[in-house]
Amino acid sequence: MFKLLKRFGGSYRANLVLGPLCKLIEVVFDLFTPIIVAYMIDAGVGTRSVQPVLAGGGILLAMAAVAILFALACQKMASRASQGMGTSIRHSLYEHINALSHADLDRFGTPSLTTRITNDVNQVQLAIALGIRQLMRWPFLAVGSLVAALAIDVRLGLIFVVSMAVVGGLFWFVMKACIPYYRSMQAKLDRIALIVREGLSGVRVVRAFVREGHERRRLADAAQDQAATAIAVGRLSSVLNPVTFLVMYLAVCAILWAGGIQVNIGELTQGQVVAFVSYMTQALLSIVYVANLVVVFTKASASAARVNEVLACQPSVTDEGAEPVELWSSAGLPGAAERADGAGLPDAAEQAGASKRVPTLALRNVSFAYPGAAADAVHDATLTLMSGQTLGVIGGTGSGKSTLVSLIPRLYDATAGTVEVFGRDVRRWPLKQLRHVVGMVPQQATLVSGTIRSNLIWRDAGATDDDLWRALELAQAAEFVRALADGLNAPVEAGGKNFSGGQRQRLTIARALVGAPKLLILDDSASALDYKTDAALRVALASYGRDAAASGELPPAVVVVSQRVASVRAADLICVMRRGNVVGLGTHDELVRACAIYQEICASQGVEDETVSPGTTVSRHEEVRHG
Ligand SMILES: Nc1ncnc2c1ncn2[C@@H]1O[C@H](COP(=O)(O)OP(=O)(O)OP(=O)(O)O)[C@@H](O)[C@H]1O
């Protein structure tokens, strides 16, 4: 909590200091009230004189008016500081989460991050507001009341001290028992958030598989678990209020009894006894409020620790050591420094020619293991891809295809070997530039609420309508977008749920094409397309490359991840994966002759090929050809 205050409290220092001071002034008035009331009783009521009552009442009114002003000032400062700091923390968290790599995000998990940025920040915000408004008030009021009561009568003060000790001790024990429960409640909220998120985002699948009952039970179990903790806390703390009030009323009886005797013998006045009772009830109730503050601060400190954990997580994929790549403004290609021979590149034609000798993509003995995984998800992959070429990546589910391509734009960093784009290790590219040169369409088609245009311009905010339509044409999406009344300005609902799966995929492909990437990665992003549209997309991408080459630009290299042979068959190079290993590398014809796994895939999809005769046994399928 202090860490957050130190980091985000700078601009609210005045509010953090002056707010509690305003509250202290209010408390001073609270402490004077019983003395004034005692004066009104002793000097006014006791002598049947109106004057002291009117004077005392006037002072009380004036004090109340001033106290309200200070209370309002304190409230305003508390709101300003808590809301402002909450906003800054949330903003920083969001920025920081966006800078984290996929490996870092996997470690926390999306539901936990969502709870941290919402509920945890709310808890911190509440603690800041209550801290300003109440942290000084109740302890100061309790101590002030005790001192004032002892000043009235030390012997009666003993009853006060004993009752305070009983109530204080009870609260201490109960709070000590409750605090671990409060801490664990945050983790249980994470679990509820996870289940709700999974259930709601996958509601269609849940319904399709008639799993509503199962999902309901899962959520009910998690909610039950959280409720059980809350009930345990409630049970423990349920003794607090009755015992506090019991002790308080017993103490009031004792004071009235002992005080009455002292009034009779003239050692105390009636007003002093009334003031004493007021101080004692004020002090005992302060303990209740202090206990509430302890609960709020316990929850807030657990939440602050969770927020700090995210903020302290150093992104594992950073720009450190990266040097800006000189991009040719016309073609958007890496500069001369990236050439294999390091020579200068005097003109555009030569640039295009030279960069052809530098592979667009080169994987050199690349391996990657997910944190905590026993085996590599990708193991010792080596291949090269030149501009204008297409690489098909095929393999069974879970064979490592998505992992392999996610290493190119550095969603994850390879744990061994190097991934090079235009001859430079991706770790030496500034991330922004790398991800501009590499256009990736992830497996899951993600659109956000807005318009088609706002979704398409992610890679290039300055793209013209012509650019957008060109990308839509290539992605086979122009026809259905044109049919929409608002065209490019047609609304997209959250998650793109007003579009079909195939339409969403085509829009995400179009988005990757805007900004003319030099390396386009389609990670199983045509899986929801029918065969005809899938084929048309491949033809369009091929002609796009040819047009680029004809106009002197460097044509993009394309990586197509797919489980369909038809989608990769025409690729210049096909990489066959199995259990993270590259078990075949070559053209379709080469692989159907030399790679048994590829043959199996072809056979399972009914792909006939004249180069494979039925029953052919290929013994050298493990042999791979590195480009
Ligand atoms: N975020 C992750 N954390 C841990 N393990 C993962 C993660 N993502 C994938 N894996 C594991 O890595 C392996 C390769 O997964 P990957 O997604 O690359 O396969 P794939 O070939 O793309 O599969 P599919 O065709 O089904 O998409 C799998 O065993 C998978 O369980």
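**Asn-365.** I looked up Asn-365 and found it in strand 1, residues 361-368. The model is predicted, and I keep that in mind throughout. Phi of Asn-365 is near 45 degrees, a positive value in a residue other than glycine. Most residues other than glycine have a negative phi. Is Asn-365 buried or exposed? I counted 12 other C-beta atoms within 10 Å, so Asn-365 is exposed; the cut-off for exposed is 12 or fewer.

**Ala-516.** I checked another positive phi. Ala-516 is not a glycine either, and its phi is near 45 degrees. I place Ala-516 in the loop between helix 18 and strand 9 (519-523). Ala-516 has 22 other C-beta atoms within 10 Å, so I call it buried; 20 or more is the threshold.

**Lys-497.** I then went to the loop between strand 8 (491-492) and helix 18, where Lys-497 is found. Lys-497 is exposed, because it has 12 other C-beta atoms within 10 Å. I also compared Lys-497 with Val-448. They are 49 residues apart in sequence, and 9.3 Å apart in space from C-alpha to C-alpha.

**Helix 16.** Which residues of helix 16 (residues 465-474) are buried? I list Leu-468, Ala-471, Leu-472 and Leu-474. Seen down the helix axis, these buried residues fall within an arc of 160 degrees, so they line one face of helix 16. On the other side I find Asp-465 and Asp-466 exposed. I looked for what covers the buried residues. The cover includes helix 15 (452-456), helix 17 (478-482), helix 18 (501-513) and helix 19 (531-550). Just after helix 16, I note that Gln-476 takes a positive phi of about 60 degrees.

**Strand 3.** I turned to strand 3, residues 390-395, which is mostly covered: six of its six residues are buried. In a regular strand the side chains alternate between the two faces of the sheet. I sorted strand 3 by side. Thr-390, Gly-392 and Ile-394 are on one side, Leu-391, Val-393 and Gly-395 on the other, and both faces are covered.

Which strands pair with strand 3? One is strand 10 (residues 557-562), which runs parallel to strand 3 and is joined to it by five bridges. Here I see Thr-390 opposite Val-558. Strand 11 (residues 573-578) also pairs with strand 3 in the parallel sense, over five bridges. In strand 11, Val-576 is the bridge partner of Ile-394.

**Cores.** Val-576 turned up again when I checked the largest nonpolar core, which has 84 residues. Val-576 is among those with the most contacts inside this core, along with Val-421, Ala-510, Ile-521 and Cys-575. I followed Cys-575. Leaving out residues up to four places away in sequence, Cys-575 touches Leu-383, Leu-391, Gly-392, Val-393, Val-582 and Leu-585. I also found a second, separate core of 31 residues, including Ala-142, Ala-148, Met-248 and Leu-284.

**Ligand.** How many residues surround the ligand? I have 15, and the closest are Tyr-370, Thr-397, Lys-401, Ser-402 and Thr-403. Helix 13 (residues 401-406) gives the most to this shell, with three residues.

**Whole protein.** The protein has 22 helices and 12 strands. Of its 627 residues, 37% count as buried. Among contacts with a separation of 6 or more, 74% come from residues 24 or more positions apart.

Definitions and conventions: Residues are numbered from 1 along each chain as its sequence is written. This is a predicted model: local features need pLDDT of at least 70, side-chain atom pairs count only at pLDDT 80 or more; totals for chains, interfaces and linings use all residues. Helices (H or I, at least four residues) and strands (E, at least two) are DSSP runs, numbered from the N terminus. The arc is that of the directions from the helix axis to the C-beta atoms. Two residues are in contact if their C-beta atoms, placed from the backbone, lie within 7 Å. A residue is near a molecule or strand if its C-beta atom, placed from the backbone, lies within 6 Å of it. Two strands pair if DSSP finds at least two bridges between them. A nonpolar core is a set of buried Ala, Val, Leu, Ile, Met, Phe, Trp, Tyr and Cys residues joined through C-beta atoms within 7 Å.
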